[in-house]
Amino acid sequence: MAVILVNTGGFGERIKKEVERLGKIEVVLVSDNKRERRKNLLAKSIIHSMASGLSRTEHSADYSITGPGVFSKWEVLKEKISLKLADLLEEDKSLSFVEKSVESVVVSKGSVLIDGEEHVPEFVVVLESGVDKSGINLDNLYTRLLKKEILPKKWAILGEGPRTVEAASMLADLGCKVYLISKFPTLLPNEETNLQENITALLNNKGVSLFLGASVVVNRYADGNISVDVKESGNQTHHFEEIEQCLRDEEYTLTESVQAAQSAGDGSMQHISITNPVNTRGISEMEVLRIIGGSQKIELGQMLISPLFIYTTPAAATVGYTETSAKSSKKIRVVNPKFRGLFYSVCKTKIPTDYKLVIETEATDFAKKEKVIGLHLFGDGSIDVIKGFAIAMYDGLTPEELLKTIPIHPTSSEEVITG
């Protein structure tokens with residue numbers, strides 16, 4: 001067993017696929033928290049569906065529709081979500097996963113104990129969590145919410161990544177007041193600019209108080225109360241009392257150490273510890289692969305071909321290169337269709353749909369060759385739309401081949417083809 005990946009989920013599956021593609025070494029994925037991670041993911045998807053429904057009721061008056069007010073009560077929502085979650089968890093029992101669920105994984109000096117059985121791999125990669133696991137955090141937010149009899153109404157969220165904006169969007173849809181504070185001047189700093197701009201505007205419209213490029217001090221008192229002090233880049237300060245929950249997104253880190261003997265020939269184990277790779281999608285996978293695979297050259301595009309879903313309302317989804325990351329090594333052109341989906345066409349709040357395609361261009365002696373290498377979607381249905389295009393991109397989709405397909409009308413996805 002050459003590589004063991006512990007609690008790495010989809011990140012580990014991408015590592016495994018690439019290592020096995022190179023035909024080098026065996027990779028095994030194990031997890032002692034898979035059930036909880038899977039439960040939280042399913043709960044998130046259900047809460048997102050409910051939050052989307054609640055968000056749409058805000059526009060119902062524009063269609064002369066009156067929705068049942070009781071639907072927005074937390075006790076009713078919680079019961080509906082819990083019942084649906086139980087059904088999905090039952091269905092889960094019949095599914096098989098690449099990552100094997102085990103009772104315990106202990107990484108000790110020079111070895112890994114899996115359910116008490118000792119293994120000495122050449123590499124062990126562990127996805128760590130530096131947050132307090134006893135409380136509510138971004139790793140367990142959605143399952144912990146379902147244990148709350150009363151929904152906390154005042155939240156502070158520190159961060160700027162996908163998990164941060166998802167939580168802010170859904171909590172705002174559920175009627176909570178959210179303060180989102182980031183040291184970066186923009187949300188989603190590693191994603192495409194159209195996603196950054198639209199999700200920032202979306203959260204502002206939902207009433208989320210955004211403080212970007214700011215510093216923060218969180219004060220936790222013995223009686224359980226929390227207050228937050230925010231200092232903006234222009235030195236303007238804010239103090240917020242009676243914060244009921246404070247969530248902090250972890251920064252991406254990677255550390256490595258050699259345990260036991262000093263050389264692999266003597267049976268040493270190289271321990272790679274990583275936190276929150278989703279915030280540096282693609283780059284974090286490449287860093288791990290360079291350690292495992294040595295001098296083997298790995299393209300960033302190979303790691304970016306798996307789409308990232310961002311569960312805001314409306315949702316966003318992204319796959320492949322951003323314009324900025326592609327420009328550093330490729331000749332590209334960009335197509336950026338913006339339009340208003342049919343649902344919002346008569347609504348007072350005009351939420352846009354914003355798609356961006358990054359196309360690599362290569363001139364030859366006889367013609368210009370092009371290939372779609374990035375797709376970044378914001379708008380209703382983005383999570384579903386991007387899946388088919390991600391498969392097509394994996395097979396080297398060209399703009400010409402896109403134009404030869406027949407889009408489904410009327411859907412937003414046709415704008416990817418005709419835009």
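Q: Which domains supply at least three residues each to the lining of the second largest pocket?
A: First the idea: a pocket is found on a 1 Å grid over the protein atoms alone, as an open set of points where a 1.4 Å probe fits, with protein on both sides within 12 Å along at least five of seven lines, and lining residues have an atom within 4 Å of a point. Here, domain 1 (2–130 + 253–302) and domain 3 (314–416) each give at least three residues to that lining; domain bounds come from an automatic or database domain assignment. This is a predicted model, where local features need pLDDT of at least 70, side-chain atom pairs count only at pLDDT 80 or more, and totals for chains, interfaces and linings use all residues. Residues are numbered from 1 along each chain as its sequence is written, and side-chain values use heavy atoms, with hydrogens and water left out.

Q: How many residues line the second largest pocket, and which lie nearest its centre?
A: There are 22 lining residues, and Gly 301, Gln 302, Met 303, Ile 305 and Tyr 394 lie nearest the centre. By kind, the lining has 8 nonpolar, 5 polar and 9 charged residues. Ala, Val, Leu, Ile, Met, Phe, Trp, Tyr, Cys and Pro count as nonpolar, Asp, Glu, Lys and Arg as charged, and the others, Gly among them, as polar.

Q: Which element gives the largest share of that lining?
A: Helices (H or I, at least four residues) and strands (E, at least two) are DSSP runs, numbered from the N terminus. The largest share, 5 residues, comes from α1.

Q: What is the strand order in the open sheet of 3 strands?
A: Two strands pair if DSSP finds at least two bridges between them. In this sheet the order is β11-β12-β13, with antiparallel pairing. Because β11 and β13 each have a single partner strand, they stand at the edges, and one side of each is left without a neighbour in the sheet.

Q: How many bridges join β11 to β12?
A: Strand β11 (residues 215–220) and strand β12 (residues 226–231) are joined by 6 bridges. One of the pairings sets Val 217 with Asp 229 in β12. The two strands form a hairpin with 5 residues between them, and Gly 224 in the turn has a positive phi of about 95 degrees.
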